[in-house]
Amino acid sequence: MSLHRRISHPGLQNSGSPEWRVPLSETCFTEEEVEEVARVLRSGWWTNGPETQALERDWKDYLNVRHAIAVSSGTAALHLAFLALGLGRGDEVVIPSLNFVAAANTARHFGAIPRFADVESPSAPLVSPETVKRAINEKTRGIVVMHYAGYPCAMDAMVRLARERGLWLVEDAAHAPGASFRGIPCGKWGDVACFSFFGNKNISCAEGGLVVTERDDIAEKLLPLRSHGMSSLTWDRFRGHNFSYDVSAPGFNFRLDDIRSALLRVQLRSLDRFNDLRRQRVSWYRSLLGNDPRWILPFEETGGDTSCHLFTVVLAGSAPREAVMSRMKSEGIQTSIHYPPTHQMAYYRELNTSQDRLPVTEELGRRIVTLPLFPGLTHEQVRLVSSSLRDAVDGACRHAGMRKMA
Ligand SMILES: Cc1ncc(COP(=O)(O)O)c(C=O)c1O
C-alpha cells in the first residue's frame, strides 16, 4: 500500500488531508523517520527500552535539565507530575482557563479543584502573576501555567510568586518545545514541566509525552510510577539484569515504546529547524495581516523566544466569528478555536469553581480564531489564507449588517 504524501517544502514530506486546500496543521517528517522506525521494527525490541532511554538522554541535553522521563502522552505527564507533587482531594490548583482541558481534567482525577485564572489581555493572552494571584486562596497547593501558542509566560515573576506563596509550579509546555524565556528553555523553570507529542504538536510521535524536572526527589518518585511502580523494566530482565521485581507504589502503564521513541528522536533533531520555519510563516502572516482594525494579532509585544505553535487572530467584537470560519471553510481553509474556555465547558460550569468571571478569556472565547500554521506551509498558502480571512470578515460583516437592517 502506498502512502499519501505531499511535498510542500523542500526536504519535508507532508501527509495532509486532501479535502483542505490549506489544513490547520500537517505532520512533517523526512525519510530518516521512516528509516529509524523501520530499524527499530527490524530489531524486534518494540516496547520501552534502549531507544526510549536514548530519547531521554537527547531531551536532557536539548533542555539542559537533570531529568527527562518519556511517557505515553502529555496527559500522562501531567498525571505523574501531580502525583509526584502530592496533589490531593480538596486541594486547589490554579490553571489557565484558556487551555486544553487536560490539566483541569487530570486535577479532577485527584479529587482536586481547578481554580481558573484569566489571561492578561487579547494582545497578550497568557496568565500573569496578577491574574494567577486572583485565583489563589488558602486551599491552593500549586499553579499550572501554559505557554499558550508557544509564547512563554513571564516565568521569573511566576517562580517568585510560587515561592512567596509556598506553592509548587508546573509548566504545561505542550505548545512550547524549543521556546525560552530570558534565555532559559520553557520546561526548566517549574518544579515539573510536561510536554506533549500528539500529532498536531511542533514535533510528534503520534502520541507521547515527557516529564521534565530539575528536582531529584520528584524524578525518584515518578520514574517507577510510569511503569506500575515496578523496580525493574521488562528490558532490564531481557538483558539479564534482573530475574524479578518489587512494587513500591501502585503506578500506571504510562510507558512510551521504542518505535515512537525512535521517531521522536529524529523529530527532536529537526525541532529548531521546524520552529525557524514556523517563525518565518508567522512573520509572513504578520506582514500581510498587521495593523488592521478588523482584528488584533496577539503577541506582537510579548517577550521570550516563541516556538510559534499556533497563529491566532482576535476578530473585532462586531465580526460574526462562526460565519467567518464557515466562509473560510467553503474556500478549503481549515480554521479552529484555541480554546473554548475550560470554565465554560458543561462539566466545569456545573462544578462552578470560578467564583469570578474571567472577562478576557470569555471575550477571547468568542473572538479568537486559529489560522493554519506548520513548517511546510507555503508563502502562497499564507497569502491565500490572509486574503480569504479579509474577504470572509468583510462578507460576513456585510451579511450581518444587511440582516440587521432588514
Ligand atoms: C496545552 C496542552 N496540554 C496538554 C495536552 C495533552 O497532551 P496529550 O494529548 O499528549 O495527552 C495538550 C494536547 O493536546 C495540550 O495542547
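The model is predicted. The domain assignment of the chain gives domain 1 (44-258) and domain 2 (271-405). The largest nonpolar core has 113 residues, and it lies between the two domains because both give residues to it.

**Domains and their contact**

- The C-alpha centres of domain 1 and domain 2 are 27 Å apart.
- Domain 1 puts 32 residues into the contact, and domain 2 puts in 33 residues.
- On the side of domain 1 that touches domain 2, strand E6 (113-117) and strand E9 (180-181) are the elements that give two or more residues.
- E6 supplies the largest share of that side, four residues.
- By residue class, the side of domain 1 that touches domain 2 consists of 19 nonpolar, nine polar and four charged residues.

**Nonpolar core**

- Within the core of 113 residues, those with the most contacts are Val 71, Ala 77, Leu 80, Ala 81, Cys 194, Leu 210 and Val 211.
- Helix H9 (residues 258-289) gives the largest share of this core, ten residues.
- Cys 194, leaving aside its neighbours within four places in sequence, contacts Gly 74, Ala 77, Leu 78, Ala 81, Val 170, Asp 172, Ala 173, Ala 174, Gly 209 and Val 211.
- In soluble globular proteins, nonpolar side chains tend to be buried together.

**Ligand surroundings**

- There are 13 residues around the ligand, and Ser 73, Gly 74, Thr 75, Ala 174 and Ser 196 come nearest.
- The shell around the ligand is made up of five nonpolar, seven polar and one charged residue.
- Two of the nearest residues, Gly 74 and Ala 174, are also among the contacts of Cys 194.

- Strand E12 (residues 209-213) is mostly covered, with five of its five residues buried.
- Gly 209, Val 211 and Thr 213 are buried on one side of E12, and Leu 210 and Val 212 are buried on the other.
- Strand E4 (residues 67-71) is joined to E12 by five bridges and runs antiparallel to it.
- In that pairing, Ala 68 has Val 212 of E12 as its bridge partner.
- Strand E11 (residues 192-196) is also antiparallel to E12, with four bridges between them.
- Ser 196, one of the residues that come nearest to the ligand, has Gly 209 of E12 as its bridge partner.

- Strand E5 (residues 92-96) is largely enclosed by the rest of the structure, because five of its five residues are buried.
- Glu 92, Val 94 and Pro 96 cover one side of E5 and Val 93 and Ile 95 the other, and all are buried.
- E5 and E6 run parallel and are joined by five bridges.

**Open sheet E13-E14-E15**

- Three strands form an open antiparallel sheet in the order E13-E14-E15.
- Strand E13 (295-296) and strand E15 (368-371) are the edge strands, and each pairs on one side only.
- Two bridges link E13 to strand E14 (residues 311-315) in the antiparallel sense.
- Trp 295 has Leu 315 of E14 as its bridge partner.

**Loop residues**

- Ser 72 sits in the loop between E4 and helix H3 (74-85).
- Ser 72 is buried, because 20 other C-beta atoms lie within 10 Å.
- Not counting residues up to four places away in sequence, Ser 72 touches Glu 207, Gly 208, Gly 209, Phe 254, Arg 255 and Leu 256.
- Ser 72 and Phe 198 are 126 residues apart along the chain, and their C-alpha atoms are separated by 9.8 Å.
- Asn 64, in the loop between helix H2 (50-63) and E4, has a positive phi of about 55° although it is not a glycine.
- Ala 206, in the loop between E11 and E12, has a positive phi of about 80° and is not a glycine either.
- Ala 206 counts as exposed, with 12 C-beta neighbours inside 10 Å.
- His 338 and Tyr 339 are joined by a cis peptide bond, with omega about 5°.
- Tyr 339 lies in the loop between helix H10 (321-330) and helix H11 (346-351).

Conventions: Residues numbered from 1 in each chain as written. Predicted model: local features only at pLDDT ≥ 70, side-chain atom pairs only at ≥ 80, totals over all residues. Near = placed C-beta within 6 Å. Nonpolar A, V, L, I, M, F, W, Y, C, P; charged D, E, K, R; others polar. Core = buried A, V, L, I, M, F, W, Y, C linked by C-beta atoms within 7 Å. Domains from an automatic or database assignment. Contact = placed C-beta atoms within 7 Å. Pairing = 2+ DSSP bridges.
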